Amino acid sequence: MVTLDKLTRKTMIWLTYRGISIRDSRVLAVRGRKSGEWRTTPVNLLTLDGERYLVAPRGHTQWVRNMRSVGGGELRLGRKAEAFTAVELADADKPLILREYLRRWAWEVGYFFGDINADSPAEELERVAPGFPVFRITAA
C-alpha cells in the first residue's frame, strides 16, 4: 500500500501542477512553522453544504502542524493560487465530514482509516476523529 500511496501522490501532484484536478484535488502550500519556507503536499478539497474542508487522512502530519501554527495557506491548481485562512474543527464536529470524505475518496485514502468506512456507525467515526485533523477553510 505504501508504494500505491507514493504513486498516487506523485500522479496527483503532477496532474494538479498542470491544472488538472481529479475530484477536487489541489496542491496545498503552507509556510513552515520554523523555516517560513513554502511546503507543499497534494490534498483533496471537500466541499459540503457550501463549506470547504481539508482533511488529513495521514493524521497529525507536518502540514497539519504548520497549518495550526500559521492559520492558512494556499490551494494551488496549475498556475492559480488561492489564499485561505483555516480553522481546525473540534473532534465532535468531524464525523459528518469524515463520512463524506470517505464516501468520495476511500479509493485513494481508505487504508489510512483501517476498518472505518463511509458506512461506519457514527460512534466509530467519533472514536477515530481525534486521529484525523479537519480544517474549515475560507478565502483570505
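This is a conversation about how terms are applied to one predicted model.

Colleague: What should I know about the model and its numbering?
Modeller: The model is predicted: local features need pLDDT of at least 70, side-chain atom pairs count only at pLDDT 80 or more, and totals for chains, interfaces and linings use all residues. Residues are numbered from 1 along each chain as its sequence is written, and side-chain values use heavy atoms, with hydrogens and water left out.

Colleague: Why is the pair of Phe113 and Phe132 called stacked?
Modeller: Start with the rule. Rings of Phe, Tyr and Trp (its six-membered ring) pair if their centres lie within 6.5 Å; planes under 30 degrees apart count as stacked, over 60 as edge-to-face and the rest as tilted. By this rule the count comes to four aromatic pairs. One of them is Tyr111 with Phe112: the centres are 4.5 Å apart and the planes stand at 40°, so this pair is tilted. For Phe113 and Phe132 the centres are 4.1 Å apart and the planes stand at 15°, so that pair is stacked.

Colleague: What makes the pair of Phe113 and Phe132 a tie between parts of the chain?
Modeller: Their places in sequence. Phe113 is in the loop between helix H3 (95-109) and helix H4 (122-128), and Phe132 is in the loop between H4 and strand E6 (134-139), so the pair ties together parts 19 residues apart in sequence. Helices (H or I, at least four residues) and strands (E, at least two) are DSSP runs, numbered from the N terminus.

Colleague: How do you know whether Phe113 is buried or exposed?
Modeller: Compare its value with the cut-offs. Buried means under 20% relative accessible area, exposed over 50%, and partly exposed in between (1.4 Å probe, protein chains only). Phe113 has 5%, so Phe113 is buried. Phe132 has 9%, so Phe132 is buried too. Tyr111 has 26%, so Tyr111 is partly exposed. Phe112 has 27%, so Phe112 is partly exposed as well.

Colleague: Why is Lys94 called buried?
Modeller: Its relative accessibility is 2%, so Lys94 counts as buried. Lys94 lies in the loop between E5 and H3. Its side chain makes a polar contact of 2.8 Å with the side chain of Asp91.

Colleague: What makes that a polar contact?
Modeller: A pair of N or O atoms within 3.5 Å; within protein, one must be able to donate a hydrogen and the other to accept it, and residues adjacent in sequence count only if both atoms are side-chain atoms. The side chains of Asn66 and Arg33 are also joined by one, at 2.6 Å. Asn66 is found in helix H2 (residues 62-70). With 5% relative accessibility, Asn66 is buried.

Colleague: How do you know that the charge of Arg76 sits over the ring of Trp38?
Modeller: The rule asks for NZ of Lys or CZ of Arg within 6 Å of the ring centre and within 35 degrees of the ring normal. The charged end of Arg76 is 5.1 Å from the centre of the Trp38 ring and sits over it.

Colleague: What makes strands E4 and E5 a pair?
Modeller: Two strands pair if DSSP finds at least two bridges between them. Six bridges join E4 (residues 72-77) to E5 (residues 80-88), and the two run antiparallel. Arg76 stands opposite Ala81 in E5. E4 and E5 form a hairpin with two residues between them, and Gly78 in the turn has a positive phi of about 65°. E5 also pairs with E6: five bridges join them, again antiparallel. There, Ala86 stands opposite Ile137 in E6.

Colleague: What makes a set of residues a nonpolar core?
Modeller: Buried Ala, Val, Leu, Ile, Met, Phe, Trp, Tyr and Cys residues joined through side-chain atoms within 4.5 Å. The largest one has 19 residues; among those with the most contacts inside it are Tyr53, Ile97 and Phe113. H3 gives the largest share, six residues. A second, separate core of 14 residues includes Val43, Ala56, Trp63 and Leu75.

Colleague: Why is Asp49 called exposed?
Modeller: Its relative accessibility is 71%, so Asp49 counts as exposed. Asp49 lies in the loop between E2 and E3. Its phi is positive, about 55°, although Asp49 is not a glycine.
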